[in-house]
Amino acid sequence: METPVYPAHNYLSNGHGLKSWLLTKDHKRIAVLYLISISIFFLLGGLFAVGIRLELTTPDGDLFQPDTYNKFFTLHGVIMVFFFLIPSVPAVIGNFLIPPMIGAKDLAFPRINLLSWYLYVVGGLFTLFAIVAGGVDTGWTFYTPYSSASSSTNVTATALGVFIAGFSSILTGLNFIVTIHRMRAPGLHWFKLPLFIWAHYATSLIQVLGTPVVAITIVMIFVERAFGFGIFDPQRGGDPVLMQHLFWFYSHPAVYIMILPALGVISEIVSTFSRKRIFGYSFVAFSSLAIAVFGFIVWAHHMFVAGITTYAAMVFSFLSFSVAIPSAVKVFNWAATMHRGSLSFETPMLYVYGFFGLFLIGGLTGLFLATLGTDIHLHDTYFVVAHFHYIMVGGAIMGYLGGLHFWWPKMFGRMYSEFWSRISAILVFVGFNLTFFPQFVLGYMGMPRRYHMYPDEFQVLNVLSSAGASVLGIGYILPVLYFAYSLKKGEVAGNNPWGASGLEWRTQSPPLTENFVEVPTDIPEAYEYTPQVIREAKLV
Amino acid sequence: MRGIPLFPEAASSFASEVDALYLFIVAISAFFTVAVSVAVIFFGIRYRRRHADEVGAHIEGSLPLELAWSIIPTLIAMVMFVWGAKLFYEMRRPPAESLQIYAVGKQWMWKFQHQGGQREINELHVPTGRPIRVLVTSEDVLHDLYFPAFRTKIDAIPGRYMPLWFTPTKPGRYHIFCAEYCGTKHSGMIGTVIVMEPQQYQDWLAGGASEGTMAERGAKLFNDLACTTCHLDSGQGRGPSLKDIVGKAVELNDGSTAVVDEGYLRESILNSQARVVKGFTPLMPTFQGLISEEGLAALIEHIKSLSPQAAAQAPALVPASAPVSAAGTPAAPAQGARR
């Protein structure tokens, strides 16, 4: 094995100074800008979670004022959903890797890509302004008439922030769709594409079709608050439940914006660390599209107790089960991929194992909420909180962190500490379960969500949850440290440290600004693992 | 420590049914979690990499397997769906002999009113062994009336009556929570439901209600608000007679029909132009803002008392006012006043 050399010319060395970053059109640099900005928001959202878990260690509301607590969970939700989870995998990992994975030099619209980032930042600044100006207390769901007629906090600034960030999401989705259609290397037809690309294609469809609906909803809330139009407020002739329909028409598919790209990441890692083609490639590919389509017709399962009719509730319950099936198909296919593979357990694969545990529990607990008879009891309790954290944090963040560890050597050309990264993967898994598993029990016991105080009998489980959160916190902080350390001191990674088969591993790490010296033309089947591939990766 | 409890008290006829369905889904979930976990851990050990240049077997996939693991979970999911839907259907259909209670949520308290005129705040007394139907509304923002021990809840939506029912089975004191976030003291909007043996409940009822029953108070309001000027029993007044109308379908001015229930009566008082009975001109003023939620409930109880047969039968799918939209398709039944 030769020792790899860190390439002198790469996208990071192509231009120095703030201006070269802030005016860049390179998708890789824009991905790095996103990486930095969403990490800041993740930290901020995490701090609010710390406040929540500290308050809930005792039944009395003794640490924060009720209004403060309400602002904490609102801001935790708004920041984590709109400013971390939605952009996480697509805007960082997708942005960086879609072009090299399809043999392209950049996205189809590099300037629009930069515009997306600026829109994200402007949206984020509005939200930061809302925090500095005193916060907002409506919950991330902005339910009317509370948000439009009752709350006296900074609803308008926050909603405007989410509205603007929404356009960032729409433009990113549009950019990906056009890129995947038009920029593939010659010979790279659809069924040779990595499943990561299929997942991003499905996600982009949701972003383009769903996000405008939430934008319209936010405009309606704004118009009601600012000009007194009666849209949602019954005092003025509006319908508060209409807002829930509009909100969930976007926000349920938004869950798939968060999780689908993570599922794409898992396909890449499972295949690479099993050195084997993904079992049932076309089923996994089409399940992404099925999830995207079904995701649009299940929204009212958030409203079974909100006055939809008995029959409508039954229809939406039935449809909600339909979205569970393609998710289950994916899990079975990944497990089958490992069968007769050649498995190794570097950090990305540990994240995949953790992902399996959390995504399974997260997905299966969704069944309790799709089932009408149990949802009536569980709706708006901690069971729901636990369920969506298992999906959106367990599933999506495990995928995001797994992907970051997998492609970090490609992105920055250096390896991080294998020891510390394994520790962090284990801490995240253990801490996550300790934090959120007790919340399922709390929910069935009847503890409602968004409670600042609670009856004494819920304390033991809440203390357990808070203790777990501290372990989880350490698990999330560690990568910041060893990733930062690796940037200068890490071992040089070489083109293909894992012996992976995708096109992105053929180019140098970190890549050139143009990604490839020559556009690849000899396109193999997806996930082709032969001893030849391993030898060329110089792993032997 | 007495160990961590896993279930809330089971104090209604729904509780054991919901718990059984819950345990069924827990069992299915546990099975799949364990099966997949065992499989991936086993593969991890059995197929761990032994040489640096080893690669996995070349396997494309298997259609029979894909079909098996799509169809079997679908069938299991259908069992859950049917079981859950059946239970839900039951939860949405209060029996005819239900005891009627009105609940109003406001920031941050629950107000209850019994037909006998007894009023309570953040406490609700109910007897065992009898179905209780609660019509829930809100004076301000969304709330949600949640009884964990009864395994049921419903949103309180301003401007609408939302129906909820349960049959308490076990005497005791249980939580009432507000389950829909409603502002500063959301977590303080809690109370206690006191389930009593029927005899004790009768004693408790006898101790309250100095101002007369809801229907009596409603009758007084009916006079004070001058409803009697137009709504003559003879049917010759400017408004329709209100005798024996509850539970019946009436024809409306636009040709559609509506079943007269609490939701329709509520709408006709607060937004009187919305659905006018055929043959009458929309002359009635709106009482929006002129009458409290309590007064409105009393007025409705009075009107219901004018339909003695209907009161004996009570409604089926509550409140079943089904406005027919302009396009001719039946709009949502159930939730009464819609605009």
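Two residues are in contact when their C-beta atoms, placed from the backbone, lie within 7 Å. That cut-off stands behind the word "touches" in the first point below. Please also keep in mind that this is a predicted model.

1. B:Arg151 sits in the loop that links S6 and S7 of chain B. Is B:Arg151 buried or exposed? A residue counts as buried if 20 or more other C-beta atoms lie within 10 Å of its own, and B:Arg151 has 30 of them, so it is buried. Leaving aside residues up to four places away in sequence, B:Arg151 touches B:Ser12, B:Phe14, B:Ala15 and B:Val18, and also A:His377 from the other chain. B:Glu17 is 134 residues away from B:Arg151 in sequence, yet their C-alpha atoms are 9.4 Å apart in space.

2. **The contact between the chains.** How many residues does each chain give to the contact? Chain B contributes 81 residues and chain A contributes 87. On the chain B side, the elements that supply two or more residues are helix H1 (13-46), helix H2 (63-91), strand S6 (143-147), strand S7 (152-156) and strand S9 (172-178). H2(B) provides the largest share of that side, with 16 residues. Sorted by class, the side of chain B that touches chain A has 46 nonpolar, 19 polar and 16 charged residues.

3. **Overall form of chain A.** Chain A has 16 helices and 0 strands. Its C-alpha atoms fill a box of roughly 70 × 45 × 45 Å along the principal axes. For 540 residues, a compact globule would have a radius of gyration near 24 Å, and the 23 Å of chain A agrees with that. Of these 540 residues, 64% count as buried. Among contacts in chain A with a separation of 6 or more, 85% join residues 24 or more positions apart.

4. **A helix pair in chain A.** How do helix H8 (residues 240-274) and helix H9 (residues 281-294) of chain A run relative to each other? Their axes come within 11 Å and cross at roughly 175 degrees. Angles over 145 degrees count as roughly antiparallel, so H8(A) and H9(A) are roughly antiparallel to each other. A:Tyr256, A:Leu260, A:Leu263 and A:Ser267 of H8(A) meet A:Val284, A:Ser288, A:Ile291 and A:Ala292 of H9(A). By class, this contact has 6 nonpolar and 2 polar residues, with no charged ones.

5. **Two domains in chain B.** Domain 1 gives 12 residues to the contact and domain 2 gives 11. On the domain 1 side, strand S1 (99-106) and strand S5 (132-138) of chain B are the elements that give two or more residues. That side has 5 nonpolar, 5 polar and 2 charged residues.

6. **A helix pair in chain B.** Helix H4 (residues 214-224) and helix H6 (residues 293-305) of chain B pack at about 100 degrees, with their axes 7 Å apart. The range from 65 to 115 degrees counts as roughly perpendicular, so H4(B) and H6(B) are roughly perpendicular to each other. Residues in this contact include B:Met214, B:Leu221 and B:Phe222 of H4(B) and B:Ala298, B:Leu299 and B:His302 of H6(B). The contact divides into 8 nonpolar, 4 polar and 2 charged residues.

7. **Backbone geometry to look at.** Most residues other than glycine have a negative phi, and most peptide bonds are trans. A:Pro510 belongs to the loop between helix H15 (459-489) and helix H16 (531-536) of chain A. A:Asn515 is found in the loop between H15 and H16 and has a positive phi near 70 degrees. A:Tyr527, in the loop between H15 and H16, has a positive phi of about 55 degrees. A:Asn515 is buried, with 25 other C-beta atoms within 10 Å, and A:Tyr527 counts as buried with 26.

Key: Residues numbered from 1 in each chain as written. Chains lettered and ligands numbered in written order. Predicted model: local features only at pLDDT ≥ 70, side-chain atom pairs only at ≥ 80, totals over all residues. Helix = DSSP H or I, 4+ residues; strand = E, 2+ residues; numbered from the N terminus. Rg over C-alpha atoms; globule rule 2.2 N^0.38 Å. Buried ≥ 20, exposed ≤ 12 C-beta atoms within 10 Å, placed from the backbone. Nonpolar A, V, L, I, M, F, W, Y, C, P; charged D, E, K, R; others polar. Axes fitted to C-alpha atoms, helices over the stretch in contact; angles between N-to-C directions. Parallel < 35°, antiparallel > 145°, perpendicular 65-115°, else oblique.
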